[in-house]
Amino acid sequence: MSGIIKPGSMTLILANPGAGKSTFLKALAGKLQNNAKTAIGGEILYSGLRGDEIDLIKLVGLVDQTDNHIPTLTVRETFKFADMCVNGLPENQPEEMRDIAALRTELFIQILGLSGCADTVVGDALLRGVSGGERKRVTVGEVLVGGQSLFLCDEISTGLDSAATFDVVSSLRTWCKTLGGSSIVALLQPTPEVVELFDDILMVHEGHMVYHGPRTEILSYFQERGFACPPRVDPADFLIEVTSGRGQRYANGTVDMSSLPVSAEDFSNMFFRSSIYKATNEAISKGFNEHQFENAEDFKKAKSVASLARSKEQSEFGLAFLPSTMLLLNRQKMIWLRDRPLLWGKLTEALIVGLVLGMIFFNVSSTYYLRMVFFSIGVFQRQAWQQITIAFQLRKVFYKQRPRNFFRTTSYTIAESVVQIPVNLAVSFILGTFFYFMSGLTRTFEKYIVFYLVLVCFQHAIGAYMTMLSSLSPSITVGQALAGISVSFFLLFSGNIILADLIPNYWIWMYWFNPLSWALRSNMLSEFSSDRYSDTESSKFLSNFSITQGTGYIWFGVIVLLAYYFFFTTLNGMALHYIRYEKHMGVTGKSITNEDENEDDENMYVEVRTPGATDHTTAKPKGEGLPFTPSNLCIKDLEYYVTLPSGEEKQLLQGITAHFEPGYMVALMGASGAGKTTLMDVIAGRKTGGRIVGDIMVNGEPKDPANFSRITAYCEQMDIHSEAASIYEALVFSANLRLPPNFTEAERMNLVNETLELLELSTIAGEMVGSLSVEQKKRVTIGVEVVANPSILFLDEPTSGLDARSALIVMRGVQSIARTGRTVLCTIHQPSISIFELFDGLLLLQKGGYTAYFGELGVDSVKMLEYFATIPGTIEIRPQYNPATYMLEVIGAGIGRDVKDYSVEYTKSPLCASNRERTLKLCEVSDEFVKHSTMNYSSIATGFGNQLSQLAKKQQRTYWRNPAYNSMRLFLFPLYAIIFGTTFYQLSADSLKKINSHVGLIYNSMDFIGVINLMTVLEITCAERAVFYRERMSNYYGPLPYSLSLFFAEIPYLIVVIILFVTIE
C-alpha cells in the first residue's frame, strides 16, 4: 500500500470487517507488533521523518475499536483524567492558554454531546452506565483531548445515531481545517452526508488497496470501469458491494460482464494502472518538499508539526512525576471507594474471621500458640489472592493508557500500592484486634503494636506479591495457578506445617525466603519475650516450636517483610512496563461472489406454519418451519421513573402509547440517550429497578412476566456469549433449551441450519465464538434468539459494529422473520436508506423520552415525510437524502441542537388520535388472537432433566476447550504432591514434633486441594457469569441445573487430579 495523507485532510477508510482496516491504522500509529511471527515491510514517513526519529505518541492519536474504560468513573472524570495526563495542569500552561486549558474537558464534553450524562458512570457489561453510543463517544473524546496532529479512528460510529456521527465527524473536520491536523477514519455504515465531509477515500479489501484518491472522483472512477451507483443507494454501500466482488448487479454495460473485476487482486491491479495512483506514486518519488503542497504555508505547517514532535529530549509526559502520581492516586482511591461491595466485603470478612479465630482459640494454652499465630497470619494470603482479579480488571485500561504516555509506569505502580495501605491497615486492625485480645496473647500495648505491625507488613508484602503475579501472567488462569503454587509453598515452609528443624536440607532455603515464616517467627519471638514467661519457659516453648533465633529477629523480620514489599512492587512495575498480553480477534470468511447466491439474499425467508392458517405452500425449499402463536403488543400511557443517588426521582419515559402487530417490523429510533433501549427494556421486562406506570398488553391481556419470556426473544446490544462454544453449538444449545419438547430433533436442527443460512454463518459455523469479529458476534446474538421460535422479537442495535453489507444482510434476515407473522421491535441508530426502508413502521423518541412520531413509513418513507411536511417550520428533505438522517435532524438529534418540541405536535395530531384508537382496540380481547393465558406455558420451556443434560454437555465442552485451566491443574497437582512428598520423605513418627508435622501435612493437603480448586474455578464461573445473566433472563434454565452442571463438569477433573496427588504424596 502506498499513498499520501495531506495536512488538514480527512480520509475515510471503507472496507468490510476483517479487510485490514485496524491493522493499517495500527501501522500508521506505530503500534504493529514486530516479532518472529510478523514481518513489516516498506516505510511510513511523517513529514519526511521515520517513526523512530520522532515522538510518535505526540503526533498520532489512535482511537480503539473497543471501549476499555474504568466502569466506576464518570464521563467527566474519565475526560478530566485524560486531559490532565496528556496536557498537564492548566496553571502550568502559557498564560494565554490557561483559560482554554481549564475548560478543555467541558469543551469536548459539549462537542461530543455528553453534557446530559457527564456525571453518569461509564459502566460495562455488569455495571449499568451510559448508553453504548455515549460510551463510544467517551472513547473518542479520551483521545481527542490529547491534541495530536494525526487522528486515527477505528469504527467510531458504532452505537452512534447518524446525526451524532455526522456531528462527531463534522467537529473532526472543523479541527482538521482550523488547526491543520489530519484525520483518517474507518466507518462501517457511513451515510452519504457523512461521506461528503471527507476529502479522500481509501478502500481496502482482503489487505489490498483498491482505491485511494479524492472522494469527488470515486464514483466516476468506478463508472469508467463498468459500475454505476443507482439512485436511492448509499454510495458507501455501493462501493463496498462492488469492491467485495458482488458488483455485477451494478454493471452499467460499458464493460463486458466477463471482464469486470471480481477479486481483491483484480481491483488492486486495476487501481495501480490508474492515473490517480500514478500521480500519487510520482509525488512520493519526489520526497517531502514544498512541491507536494499547494502553497508554501502548508509546507511550513507540516514541517513545524514534525519538529514539534521531534523534541524527544523533552519529557514525553504531560505531568511531572509527583503531580502525575498524585492524580493516579486520587483515581485509584475513587475506584476503591466506589466499589462498595469489595470494600465492605473485605472489612466484614476481617470482622468475621477475627471473631471466629478468636472464639476457636479463646484463651488457649501457650502450647498451641504456633498454630494459632500461623492461622492469624496465613489468612491474609487468602485476602491477598483477591488482588489478582482486581489487578486484572484494571490491566486492560493500563494497556490502553500507558502507550499513550498518560503516565509513567512507576507512578501507576506507586499509586496502585499506596491506595491499598488504608484498606490493609483497617483490615489488619479489625481482624488482628479481635483475635489478639480473645486468644489470650500478652495484653500489653507494646506487644500488641508489634503483633499489629508484623500483620500489616506481611499483608503488604503478600499483596504486592499477588499484584506482581497478575502483571506477569498472560491470563487470570495462569495468575491463579501461580498464586496457588506460591500459597502452598508459603504455608508448607512457614515453620508450622513441618517444624523448621525437620525440613530437609534441600528445601530449607524456602523457609528462609518465605515471607510467612519471617512474620510467624517475629510474632512468636515477640510473644515469648514478654514478662509473662520466665526465661526457662520461653526457651522451652520456642524450642518445641523449633525457633532458636534471638529477639533481634523480631525487627529483622519486619525489615525483611518491608524489603519484600518494595521488591515485589518494583517487579510489578517492571512487568507492567515491559510485558504486554493483548488479544487480537477476528476470523475472515472469503467473499461470496456467486451472483446466484447474491440474488437469493433479496428473498430469503424462513417458512413457518401459522396455527389455524390454510397451508397454500406446495414447495418448501427452506424446510417445514415451526408453529408459533402470533401476538400483538400494546403499550398504553407508559411511564418509567428511576431514583437518582440524591434520592430524587427522574422520569425517563413520558406517557408513551403505541402498538406492534404481527408481521410488522417497527423501528424504535431517536437520539442517543433518548430512551430507546430503556423503553424496550421496560416492555421486555429487563428493567429490575425503577417504577413503571401504565399498561403493557399482549393479545388483549396484561403482560404476564411468568410466560412472557416464552413468547419473546431479546437480542442485546452487547454480544455476550460463551467463548468456548462454536457458532453451531451456541444455536443448538439455545434451540434445545428454548423450544418445547413437542418439537422433534429434526425440526430443531432444521431451524438451526436455516438460521445459520439466513444470517450467512454457515461457512464459519465451526468457529469458536471467542475468535469472532464484532459483526460476526452480532449475527450469533440474533441467531441464538431466532432459534427460540419467538412470537415477538426485540432487537437492541442489531447493526452496531456491522459494515453496510452485513447490516443489510442481518436486517433482511430480521425482515424475513417479521414476514412469517412475528412481531418485531428494533432499536437502530444509523440505518442506510436501504435498511431504513425495510421497516414497516417507526416509533420516534425525542430527548427526554417523548413520542415525536409513531406510524407507518410507507413506500420510500413517504407517509412519515408527509407527516413532517404538515408541521409548520419543518425543513423539507433534500432529493436523494436519507429519510432516517433527515428525521433525526428534524427532531434535534445529534449534538447541542435546539429545535421545536415535536412531541407536542404529535400529541395534537390526528395521527396520534387514530393510533390511540387502534391501540385501545388491540388492548381488547379478540377472537383474532389466541390468549396466552390459555396456553398453559411454564416459565421455562423444557424440564429439569433436559436443562441439566444440555448444561452438563455445554460445561463439559467449556472445560475441555480451556486447556490452560485443566492442563494447569493436571500439571500442578502432581508437582505439588512431589513437593509435599519430598518435604516429608520417610519422616518417622517417633516424637511429638514429628507426629504434629504429620498432622500438619494432612491439614495442608486437605486445605490445599480445597483452596486451589476454589480459587482457580473462580475464573471459569466469573467469565461465564454475564452469559448466565443473559440466558437466565431469557429463561433458558433454572439456577439449580446450572449449579449442578458446573459441579458435574468439575468431577472428572477433580477425581483425576486428586488420585494423582494422593498417590504421589
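A residue counts as buried when its relative accessible area is under 20%. By that criterion, the buried residues of helix H25 are Lys676, Thr678, Leu679, Met680, Asp681, Val682, Ile683 and Ala684. The structure is a predicted model.

**Helix H25**

- Helix H25 spans residues 676-684 and is mostly covered, with eight of its nine residues buried.
- The buried set includes the charged residues Lys676 and Asp681.
- Just after H25, Gly685 adopts a positive phi of about 75 degrees.

**Nonpolar surface patch**

- A nonpolar patch on the surface is formed by Leu351, Ile352, Leu355, Val356, Met359, Ile360 and Phe434.
- Together, these residues have about 610 Å² of accessible area.
- Helix H14, residues 340-360, contributes the largest share of the patch, namely six residues.
- Leu355, one of the patch residues, is located in helix H14.
- Leu355 counts as partly exposed because its relative accessibility is 30%, and that class lies between the limits of 20% and 50%.

**Second largest pocket**

- The volume of the second largest pocket is about 370 Å³.
- This pocket is lined by 13 residues, of which Thr367, Asn544, Phe545, Leu992 and Asn996 are the closest to its centre.
- At least two lining residues come from each of helix H15 (369-401), helix H22 (535-544) and helix H38 (992-1033).
- The largest share of the lining, four residues, is supplied by H38.
- By residue class, the lining comprises six nonpolar, five polar and two charged residues.

**Individual buried residues and C-alpha separations**

- Ile817 belongs to helix H30, which covers residues 804-818.
- Ile817 has a relative accessibility of 6% and therefore counts as buried, the limit for that class being under 20%.
- Ile817 and Leu758 are 59 residues apart along the chain, and their C-alpha atoms are separated by 9.7 Å.
- Ser439 is part of helix H17, which covers residues 420-439.
- Ser439 has a relative accessibility of 0%, so this residue also counts as buried.
- Between Ser439 and Leu857, which are 418 residues apart along the chain, the C-alpha separation is 77 Å.

Definitions and conventions
Residues numbered from 1 in each chain as written. Predicted model: local features only at pLDDT ≥ 70, side-chain atom pairs only at ≥ 80, totals over all residues. Heavy atoms only, no water. Patch = residues over 30% accessible without salt bridge, like charges linked within 9 Å, V, L, I, M, F, W, Y side chains within 5 Å. Areas by Shrake-Rupley, 256 points an atom, 1.4 Å probe, with all protein chains shown as cover. Salt bridge = Lys/Arg side-chain N within 4 Å of Asp/Glu carboxyl O. Buried < 20%, exposed > 50% of the residue type's maximum accessible area, 1.4 Å probe, protein only. 1 Å grid on protein atoms, 1.4 Å probe; cavity = no way out; pocket = protein on both sides within 12 Å on 5 of 7 lines; lining within 4 Å. Points joined across faces, edges and corners; volume = space filled by probe spheres on them.
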